[in-house]
Amino acid sequence: MHNPLTWLLTTLLLALPLTRLSAAEPAPEDLVIVVNPASGVSALASADAVNIFMGRYRRLPSGLVAFPIDISGGDQRQRFYWQLVRKNLAEIDAYWARLVFSGQTSPPLQVPDDATAVALVAQNRAAIAYVARSRVDARVRIVMALTQETP
Amino acid sequence: MPTHPSAASAPARWIRGGWLLALCAVLAPAAAAAEWRLHVGGFGTLGALYHNDAGLEYRRAITQGGSAAAGKLDVATDTRAGVQLNAAWSHALALIAQVVTRDDAHHGWQPQLSRALVHYSSDGILSVRAGRIGWEILPHGDSRDVGYAQLRIRPETEVFGTIPAETFDGAEATLQWPLPLGVLGARVYGGRTSDHLADADGNVSRVDAKLWGAHLDYAHGPWVLRLGSGVFALDQAARFDELVAGLRQTGEPRAQALAERLASRERKTVFVVLGGNYDDGRWQARALLARAEHDGISAPNTHRALLTLGYDLGALTPFVSLSAIDSFDHVQGTGLPDTPEYTALNAGAAAVQRAFQQDQSSLALGLRWDFRPRRALKVQADHVWLRGSTVATDARGTPDGSAEMTVLGIALDFVF
């Protein structure tokens with residue numbers, strides 16, 4: 001029993017510095033939170049965004065029941081949650097595992113990319129999503145900009 | 001092990017949950033043309049643990065029939081799996097059914113219907129759930145089978161493993177109010193539960209009870225605080241008829257008072273819970289204090305406490321955790337002289353009281369490695385202090401003794 005455990009702990013400790021290494025990459029694009037122009041929302045506080053995307057209180061400031069949307073492709077989801085609540089994706093997934101498998105609430109709907117998210121927000125008065133600023137068009141309204149920060 | 005008189009047929013829990021599945025079956029076709037979204041998900045843990053403390057056996061909960069013996073690799077204690085079906089409609093209505101298999105009170109792996117509920121929330125302020133629901137008398141207590149959702153391999157045994165029920169059939173309503181600083185939530189619930197408990201010798205007893213309660217949650221930034229109270233009303237406490245009759249016949253007031261506390265009838269345990277989570281950036285912390293007061297002797301009067309700290313290093317999260325349960329109600333004397341005439345009564349009364357006391361604490365050190373999305377590997381070492389008999393882990397039959405043990409565990413958690 002000792003040998004496998006020793007091996008495992010050694011592996012984990014050796015893996016620790018590797019997890020902190022990252023190659024130099026171009027700066028990612030700014031993320032913004034967008035809503036439907038008919039939602040009645042012109043600006044969103046950070047606390048409201050946390051409440052909506054973390055399932056604490058799912059109402060827009062205008063009173064509509066919020067319909068949050070996650071982007072599953074790329075690293076956008078990871079950047080969004082780090083910038084919003086300073087949590088990595090494993091922690092976010094663990095958080096939702098508790099709520100989903102206890103039957104309390106459901107996570108945001110996941111869509112593959114910005115274009116799908118923008119299209120859904122444009123079609124649904126209560127939808128809310130985060131997308132790269134360059135993907136925003138006239139069909140949606142920016143209500144919050146996230147600060148550039150990466151894990 | 002005392003026996004509970006309200007035994008019923010083995011599949012009773014399935015039958016009780018069956019009407020909910022039937023409701024799901026009726027509702028689903030009726031709304032087939034609407035915007036139903038179906039999702040099948042699941043969770044599981046492959047766990048192994050080892051200890052080398054002769055005479056002691058380790059369990060993670062009183063609902064678990066098996067236990068890990070010294071010197072043997074145990075793969076049953078932490079291993080479990082569950083599958084859940086969600087059918088959601090227009091973000092307001094959801095039907096949820098979940099089946100879990102694990103080492104149960106009968107030391108078997110028969111799948112159990114662990115959730116079967118309807119969840120409705122039309123406005124984001126009021127939500128209602130009805131059906132088979134997890135009993136969250138303690139914060140996070142309704143997800144104790146979902147290893148991936150936990151920082152540790154298993155929820156703190158002293159705190160969560162000693163709760164006599166995990167689910168109930170009933171209803172709950174939750175109201176949420178946004179405040180200038182945070183969100184306040186209030187929940188009330190009530191229903192019935194029936195579960196099987198096992199003692200360290202593998203004897204199984206059935207527990208039928210009503211339960212109800214309420215709690216307030218306050219979430220602000222990284223903080224989530226909980227204040228709650230709940231009642232667990234056992235239909236009929238364990239029977240000690242001969243002992244009760246003997247104590248009553250003595251005429252001694254203290255013996256008679258003790259007999260009334262031992263008599264088998266409905267018995268209530270009242271829980272009061274104060275808990276909190278702090279989760280900001282790399283730090284996550286969780287603390288809880290709970291008091292349970294029982295109006296008889298067939299369950300202990302206890303204080304529970306836990307403190308767990310984790311620090312996120314990226315994929316790795318080391319953690320440390322302290323937890324304890326302590327019986328604050330000491331063994332009461334009968335008031336009878338220690339003469340041969342009363343020796344058996346005195347010994348019996350003391351033994352019964354000691355059998356329900358729980359005094360155990362543990363310190364856990366561990367590491368969680370999220371090596372892939374929705375996969376986590378954990379290692380954990382628990383050092384456990386046992387004082388006297390405890391329902392959770394002491395199988396030595398030495399109620400006056402104290403012991404220590406060190407348990408090493410490794411687990412692979414996943415969700416899909």
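# Helices, strands and contacts

Student: Is the crossing of H3(B) and H5(B) left-handed or right-handed?

Tutor: Helices here are DSSP runs of H or I, at least four residues long, just as strands are runs of E, at least two, all numbered from the N terminus. A crossing is left-handed if the near helix is turned anticlockwise from the far one by less than a right angle, and right-handed if clockwise. For H3(B) and H5(B), the crossing is left-handed.

Student: Before we go on, what kind of model is this?

Tutor: Residues count from 1 along each chain as its sequence is written, while chains are lettered from A and ligands numbered from 1 in the order written. Local features need pLDDT of at least 70, side-chain atom pairs count only at pLDDT 80 or more, and totals for chains, interfaces and linings use all residues, since the model is predicted.

Student: Back to those helices: at roughly what angle do H3 and H5 of chain B cross?

Tutor: Axes are lines fitted to C-alpha atoms, for helices over the stretch in contact, and angles run from 0 to 180 degrees between N-to-C directions. The axes of H3(B), residues 241-249, and H5(B), residues 343-355, come within 10 Å. They cross at roughly 125°.

Student: And which residues of H5(B) touch H3(B)?

Tutor: Two residues are in contact if their C-beta atoms, placed from the backbone, lie within 7 Å. On the H3(B) side you'll find B:Leu243, B:Gly246 and B:Leu247. Facing them on H5(B) are B:Leu345, B:Gly348, B:Ala349 and B:Val352.

Student: How many residues of that contact are nonpolar?

Tutor: Ala, Val, Leu, Ile, Met, Phe, Trp, Tyr, Cys and Pro count as nonpolar, Asp, Glu, Lys and Arg as charged, and the others, Gly among them, as polar. In the contact of H3(B) with H5(B), two residues are polar and no residue is charged. The nonpolar ones number five.

Student: Let's look at chain A. In what order do the strands of its open sheet lie?

Tutor: Strands pair if DSSP finds at least two bridges between them. Five strands make up this open sheet, with mixed pairing. S3 (109-111) and S5 (141-145) are the edge strands, each pairing on one side only, and the twist averages 35° from one strand to the next. The order is S3-S2-S4-S1-S5.

Student: Do strands S2 and S4 of chain A run parallel or antiparallel?

Tutor: S2(A) covers residues 67-71 and S4(A) covers 127-132, and three bridges join them.

Student: Which helix gives the most to the side of chain A that touches chain B?

Tutor: The contact takes 29 residues from chain A and 44 from chain B. Helix H1 (2-20) and helix H4 (89-101) of chain A each supply at least two residues of that side. By class, the chain A side has 15 nonpolar, six polar and eight charged residues. With nine residues, the one that gives the most is H4(A).

Student: Now chain B, which has five helices and 18 strands. Which residue in the turn between S12(B) and S13(B) has a positive phi?

Tutor: S12(B), residues 267-280, pairs antiparallel with S11(B), residues 223-234, over twelve bridges, B:Val231 being partnered by B:Val270. S12(B) also pairs antiparallel with S13(B), residues 283-294, over twelve bridges, B:Leu274 being partnered by B:Leu289. The S12-S13 hairpin has two residues between its strands, and the one with a positive phi of about 55° is B:Gly281.

Student: How many bridges join S4(B) to S5(B)?

Tutor: Start with S4(B), residues 80-89, which pairs antiparallel with S1(B), residues 36-51; B:Phe43 stands opposite B:Gly82 there. S4(B) also runs antiparallel to S5(B), residues 93-102, with B:Gln84 opposite B:Gln98. In their hairpin, with three residues between the strands, B:Ser90 takes a positive phi near 50°. The bridges joining S4(B) to S5(B) number ten.

Student: Last one: how far apart are the C-alpha atoms of B:His107 and B:Gly65?

Tutor: B:His107 sits in the loop between S5 and S6 (112-120) of chain B. Leaving aside neighbours within four places in sequence, it is in contact with B:Gly65, B:Gly66 and B:Gly202. B:His107 and B:Gly65 are 42 residues apart along the chain, yet their C-alpha atoms are separated by 4.4 Å.
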